[in-house]
Amino acid sequence: MKLTPTHMFARYDDITPAFLQSIGIRALLIDIDNTLAPYEQPEPDDRLRAWLESLRRAGILAALVSNNHAPRVKTFNASLGLPAYADSRKPFKKNMLRAMQALGVTPGETAVLGDQLLTDAYAGLRLGMPALIVPPIRDKTTPFFRFKRLCERPFIRRYARQHGWQDWMSFWHVHPGK
Ligand SMILES: [Mg+2]
């Protein structure tokens, strides 16, 4: 099962249009919760607006593909007006494919951005797309989420070995030299 992130960043706005263009990406399918905003933040903040605007100016397309329910996605996207999909059940492909169709792009020029490997990364990687992964902004601490993060650890560790350790990777309890 392919779960290792293709590229990792400390936060979403470390991903620049120039970087995306350098890897041949002209569209992003973006997770909402804990990638762009914590669960309890209903609307986008200025930082997100500025980043989306920088993408737009560079001609990079974006869609929101969320596993959360319609009211959450609708409220969050109300002022953004992006193609947006709720209840996507990532890693299922259906809404990923619908989003690409809406943007008029192919998997070869599209990347996934998210904070979870079992849903976001896998959804992209299984379609041959790069998985851009950030640590969750404010993770849930339920046993289920802790278990999911534990499952992610070996794949984060592999990425850290290949690309160099960053201090924010300690979120997964991955440390240099381990
Ligand atoms: Mg998420």
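Me: Where does Asp87 lie?
Reply: Asp87 is in the loop between E4 and H4. Helices (H or I, at least four residues) and strands (E, at least two) are DSSP runs, numbered from the N terminus. This is a predicted model: local features need pLDDT of at least 70, side-chain atom pairs count only at pLDDT 80 or more, and totals for chains, interfaces and linings use all residues. Residues are numbered from 1 along each chain as its sequence is written.

Me: What is the phi of Asp87?
Reply: Near 45°, a positive value in a residue other than glycine. Most residues other than glycine have a negative phi, and most peptide bonds are trans.

Me: Is Asp87 buried or exposed?
Reply: Asp87 is exposed, with 12 other C-beta atoms within 10 Å. The cut-offs: buried means 20 or more other C-beta atoms within 10 Å of a residue's own, exposed means 12 or fewer, and partly exposed is in between, with C-beta atoms placed from the backbone.

Me: And Arg89, what about its phi?
Reply: Phi of Arg89 is near 55°, again positive in a residue other than glycine. Arg89 sits in the loop between E4 and H4. Arg89 counts as exposed, with 11 C-beta neighbours inside 10 Å.

Me: Which residues does the cis peptide bond join?
Reply: Lys90 and Pro91, with omega about 20°. Pro91 is in the loop between strand E4 (84–85) and helix H4 (94–103).

Me: Switching to the core. How many residues has the largest nonpolar core?
Reply: 45 residues. Such a core is a set of buried Ala, Val, Leu, Ile, Met, Phe, Trp, Tyr and Cys residues joined through C-beta atoms within 7 Å. Leu29, Ile30, Leu64, Val65 and Val112 have the most contacts inside this core.

Me: Which helix gives the most to this core?
Reply: Helix H5 (residues 117–125), with five residues.

Me: What is Leu29 in contact with, leaving aside neighbours within four places in sequence?
Reply: Ala63, Val65, Met96, Ala99, Thr110 and Val112. Contact means C-beta atoms, placed from the backbone, within 7 Å.

Me: Zooming out, how do the elements run from the N terminus on?
Reply: β-α-β-α-β-α-β-α-β-α-β-α. That comes to six helices and six strands.

Me: What is the radius of gyration?
Reply: 15 Å, close to the 16 Å that the globule rule gives for 178 residues, so the protein is as compact as a globular protein of that length. The radius is taken over C-alpha atoms, and the rule is 2.2 Å times the number of residues to the power 0.38.

How values were computed
Contact = placed C-beta atoms within 7 Å.
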